Amino acid sequence: MINKIKNKIFAYVFWQSRLGDLLNKIYDYRLFLKYSFRKDALKSKGQYEYFLTKQYHIIEKALGLPEPRPEFGQKVVNLIIDIANDYIQKFGNGKIIHNIASCLQDYLDFNREKGIDLSRPYYQNIKNFVEKNISDVKTGGSKELLKKDIIKAIDFDYKQFVNTRTSIRNFSDKEVTEKDIKKIFETARITPSVCNRQGWKAHVYFNPDIINQLLTIQNGNRGFTNSINKLILVTGDMRAFTTLESNQIYIDGGLFAMNILLSIHHAGLGAVALNTCFPYVQEKKVRKIANLEKYEKLIMMIGIGHIKESFKVAMSEKKAVNQILQIHK
Ligand SMILES: Cc1cc2nc3c(=O)[nH]c(=O)nc-3n(C[C@H](O)[C@H](O)[C@H](O)COP(=O)(O)O)c2cc1C
């Protein structure tokens with residue numbers, strides 16, 4: 001009897017009351033404070049990498065402006081080199097360092113083309129860094145695109161493509177393979193994010209027991225649990241964000257998730273997004289079952305499967321343009 005009352009109070013507080021909501025927010029924010037980065041107190045390898053990405057992206061962004069100012073960004077460049085050297089000392093070389101060296105090579109080339117004298121100590125310091133760390137492949141800086149190539153690439157019926165993507169809750173029995181999943185993520189990975197930080201991850205579960213445990217906690221799969229073939233869990237990486245960015249993790253994570261949905265559609269498979277809107281006590285359980293790192297936040301789950309020859313879906317009528325668009329002149 002006492003247990004029953006306790007459970008009722010617990011369910012009310014965590015599922016229905018504003019107090020429960022507040023507790024969830026506090027839990028969220030505490031995690032964010034713990035794992036997000038601060039410029040003057042970088043700790044983990046991940047924090048360094050995300051911070052460096054944020055900084056060197058300032059330089060690549062500027063290289064793509066209509067008229068970049070010669071010698072722009074000296075303070076940022078010095079900071080990047082200092083922190084990158086610090087990173088190399090602590091964690092060794094890596095992809096992030098190659099990206100930075102490649103970006104700084106572009107920066108040197110740009111300034112040379114603008115007639116800047118590169119013999120000054122500021123540029124020598126950059127040259128030293130680039131020489132030590134550049135790799136054969138260009139992975140940073142700017143790249144040139146041609147309008148004709150873009151026009152060629154978009155010559156397909158996009159409206160039909162998005163119109164035929166729909167949430168599916170009735171999949172075929174055909175197995176989704178690792179090959180299917182890898183193909184999907186070849187395009188899903190190309191998602192925009194704040195300063196190109198890509199603070200996200202997708203976990204894909206193949207073990208039916210794990211899938212079942214996760215779907216038992218997830219509250220929106222009743223009636224189609226067994227139809228879901230594999231389960232994706234999209235997470236955000238708190239180490240990628242800093243002050244004033246506690247919501248950005250959900251924005252970037254949401255964009256990534258949308259791109260996963262579109263990539264699944266493009267691969268000819270079906271998907272259903274599944275919310276992770278539950279109290280932190282449930283979140284803790286999910287974290288454990290899903291084997292997440294402490295710095296990961298839940299964004300959403302996605303059930304995936306092959307599509308049947310014929311099946312029904314909810315109409316899910318969309319709002320008209322004039323309902324969602326307000327033009328300000
Ligand atoms: C973040 C998110 C969470 C969702 N959670 C669920 C869910 O738990 N269960 C479910 O059946 N559908 C879920 N959906 C699917 C929506 O119901 C569906 O996207 C919406 O009705 C629009 O339909 P469409 O996807 O066919 O365009 C979710 C969608 C999103 C974007």
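**View 1. What sits around the ligand.** The shell holds 14 residues, and R165, S167, R169, G220 and K318 come nearest; a residue belongs here if one of its heavy atoms lies within 4 Å of the molecule. Sorted by class, that shell has 5 nonpolar, 6 polar and 3 charged residues, with Ala, Val, Leu, Ile, Met, Phe, Trp, Tyr, Cys and Pro taken as nonpolar, Asp, Glu, Lys and Arg as charged, and the others, Gly among them, as polar. Strand β3 (residues 269-274) gives the most to the shell, with 3 residues. Strands (E, at least two residues) and helices (H or I, at least four) are DSSP runs, numbered from the N terminus.

**View 2. Polar side chains at the ligand oxygens.** R165 has a polar side-chain atom 2.8 Å from an oxygen atom of the ligand, and N275 also has one at 2.8 Å from a ligand oxygen. For Q218, the distance is 2.9 Å. Polar contacts here are pairs of N or O atoms within 3.5 Å. Taken alone, the ligand exposes 620 Å², and the protein buries 65% of that (Shrake-Rupley areas, 1.4 Å probe).

**View 3. The open sheet.** Here 4 strands line up as β1-β2-β4-β3, with antiparallel pairing; two strands pair if DSSP finds at least two bridges between them. At the edges are β1 (200-205) and β3, each pairing on one side only. Between β1 and β2 (residues 230-237) there are 6 bridges, and V204 has I232 in β2 as its bridge partner.

**View 4. Helices on the sheet.** Helix α10 (residues 208-217) touches β1, β2, β3 and β4 (296-306), and its direction makes about 65 degrees with that of β2. Contact means heavy atoms within 4.5 Å. Helix α12 (residues 280-290) lies across β1, β2 and β4, at about 60 degrees to β4; angles run from 0 to 180 degrees between N-to-C directions of lines fitted to C-alpha atoms, for helices over the stretch in contact.

Residues are numbered from 1 along each chain as its sequence is written, and side-chain values use heavy atoms, leaving out hydrogens and water. In this predicted model, local features need pLDDT of at least 70 and side-chain atom pairs count only at pLDDT 80 or more, while totals for chains, interfaces and linings use all residues.

Notes: Polar contact = N/O pair within 3.5 Å; in protein donor to acceptor, adjacent residues only side chain to side chain.
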